[in-house]
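Dear colleague,

I am passing on the structure below, and after it I set out what was found when going through it. Please keep it open beside this message while you read.

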Amino acid sequence: MSSRFGYGRPDSLSEALDFLARHGTETAILAGGTDLMVSVRSGELRSRYVLDVSRLEELRTVELSDGVLAVGSALTHTEIATHPLIRKYAPVLARASGCVGSTQIRNLGTLGGNVANASPAADSVPPLMVHNAKVVIRSASGERVESLGDFISGPNLTILKPGELIARLLLDPMDQNYRYSFQRIARRKTLAIARMNVAALGLLGADGMVLDLRLSIGSVTPRPCRMTAAEELVKHEKPREELLWKAAEEVSQEMVRWSGIRPTTEYKRPAVEGLVFRALSDIFRGEV
Amino acid sequence: MKDPNTDSVKIRFQLNDKPVVLEVKPWDTALAVLRDELGLTGTKEGCGIGECGACTILVEGKAVTACLMLAAQLDGREVQTIEGVAEKDALHPIQEALLAHGAVQCGFCTPGWVMSAKALFDGESDPTREEIVDALSGNLCRCTGYVQVVNALESLAESAPKSNAADH
């Protein structure tokens, strides 16, 4: 049987924060509803109120200033995928947002919801990690900023407290010399949750050496993370095929260090390696 | 902001170009209200969790799954359902094309296809086959009638060869 609750839609962010200050412990926040509505249908949602923040203009802006790309939490995946500033300065996020669910889901689901829901398979998380994303958290008593890696504390867990909501994500804008890749494996292309997803940003010098690499992998670790050992392996080297495979192996070893040997490891190890190799080849060798 | 009423919520919206005002339960889905309160049963419930697209409607011109929206979220919005697509006695060209190409088997998923296609063609009069497939990839058909659906819609693209599909 469906959950029961009262529905409120504030006219401004301050109204929303006032409401959350009073009722934070008994309120679920609705941004896109693509996850929340599933728990409404099953009756799992036990909140007294649902607060609809989807129309708050304060949560729906994209701004580039002082070298920071600030992306509003209530923007839908469709809006993220098509926004000119995001396509230019965070194209890997635009690309990943265009892979979420289906057209119908992308028209509802939001970036902030994807982050707050904290699914290990969230498609927006690896792109945000390679952009060194920070989460701007608002409450009636003020604002705090946490790195995304700290914000998501485990599968479907965050450090968001009652009374708080995600206002914006702060990204390092991508330098225009960088190249990017987003790769994903799922049962099928649309409407399937990612089995694994990889986001990478890389910069190749004029001499053909790798100047920078940022690599993050989703769905196979309990918390979002950057693959720093693999990044270091490739930096300051020529991106030869053998080196990229070595980096891919480093990632699969990192995965096993995080999550141990599981029944699925036999499948995941070569799959992760293939996916990472594909992302790195895409960036540094122009081949997939 | 006052504490919300936990029994009912009053909503006003434009439904197929006509204003609607009604009281709904705060937890009612848009799909349930369209079907059970307003009698518009053309919008179907397939999976109820946003995976099949049978309940696709247009909100502000965008295709969304009505099962994943609260009715309360329709407040103040422009909503179109399958019942608002045809003009009086004349079917919409999308509907005509689906008929002409035999793109309907059991028909349960068809309203969802029409709405997804309408959102596509309202924004782009000359989509490629790839764009059509992409725009429709959130709609599932258990009778596996995809090829006919895509062919039907491809015939509507501006640059498609103009022929009467019914002659085929």
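Two strands are said to pair if DSSP finds at least two bridges between them. In chain B, strand 1 (residues 9–15) and strand 5 (residues 78–80) run parallel and are joined by two bridges. Please bear in mind throughout that this is a predicted model.

The contact takes 26 residues from chain B and 29 residues from chain A, and on the chain B side the largest share, four residues, comes from strand 4 (residues 62–65) of chain B. By class, that side of chain B has 13 nonpolar, 11 polar and two charged residues.

Turning to chain A, there are 12 helices and 13 strands, and the chain is divided into domain 1 (6–52), domain 2 (57–171) and domain 3 (179–284). The C-alpha centres of domain 1 and domain 2 of chain A lie 18 Å apart, and the contact takes 14 residues from domain 1 of chain A and 19 residues from domain 2 of chain A. On the domain 1 side, helix 1 (residues 13–23) of chain A gives the most, with six residues, and the residues of that side divide into seven nonpolar, five polar and two charged.

As for overall form, the C-alpha trace of chain A spans about 60 × 45 × 30 Å along its principal axes. A compact globule of 288 residues would have a radius of gyration near 19 Å, and chain A, with 19 Å, agrees with this. Buried residues make up 50% of the 288 residues in chain A, and, of the contacts in chain A with a separation of 6 or more, 63% are between residues 24 or more positions apart.

Chain A also has an open sheet of three strands, in the order 11-12-13 and with antiparallel pairing. Strand 11 (179–185) and strand 13 (210–218) of chain A each have a single partner strand, so one side of each is left without a neighbour in the sheet; the twist here averages 10° from one strand to the next. Strand 12 (residues 196–204) and strand 13 of chain A pair over eight bridges, with Leu203(A) having Asp212(A) as its bridge partner and Leu201(A) standing opposite Arg214(A). The hairpin of these two strands has five residues between the strands, and in it Gly208(A) takes a positive phi near 85°.

Although strand 13 of chain A stands at an edge of the sheet, seven of its nine residues are buried. Helix 12 (residues 265–284) of chain A lies across strand 11, strand 12 and strand 13 of chain A, running at about 30° to strand 12 of chain A.

With best wishes

Definitions and conventions: Residues are numbered from 1 along each chain as its sequence is written. Chains are lettered from A and ligands numbered from 1 in the order in which they are written. This is a predicted model: local features need pLDDT of at least 70, side-chain atom pairs count only at pLDDT 80 or more; totals for chains, interfaces and linings use all residues. Domain bounds come from an automatic or database domain assignment. Two residues are in contact if their C-beta atoms, placed from the backbone, lie within 7 Å. Ala, Val, Leu, Ile, Met, Phe, Trp, Tyr, Cys and Pro count as nonpolar, Asp, Glu, Lys and Arg as charged, and the others, Gly among them, as polar. The radius of gyration is taken over C-alpha atoms; the globule rule is 2.2 Å times the number of residues to the power 0.38. A residue is buried if 20 or more other C-beta atoms lie within 10 Å of its own, exposed if 12 or fewer, and partly exposed in between; C-beta atoms are placed from the backbone. Axes are lines fitted to C-alpha atoms, for helices over the stretch in contact, and angles run from 0 to 180 degrees between N-to-C directions.
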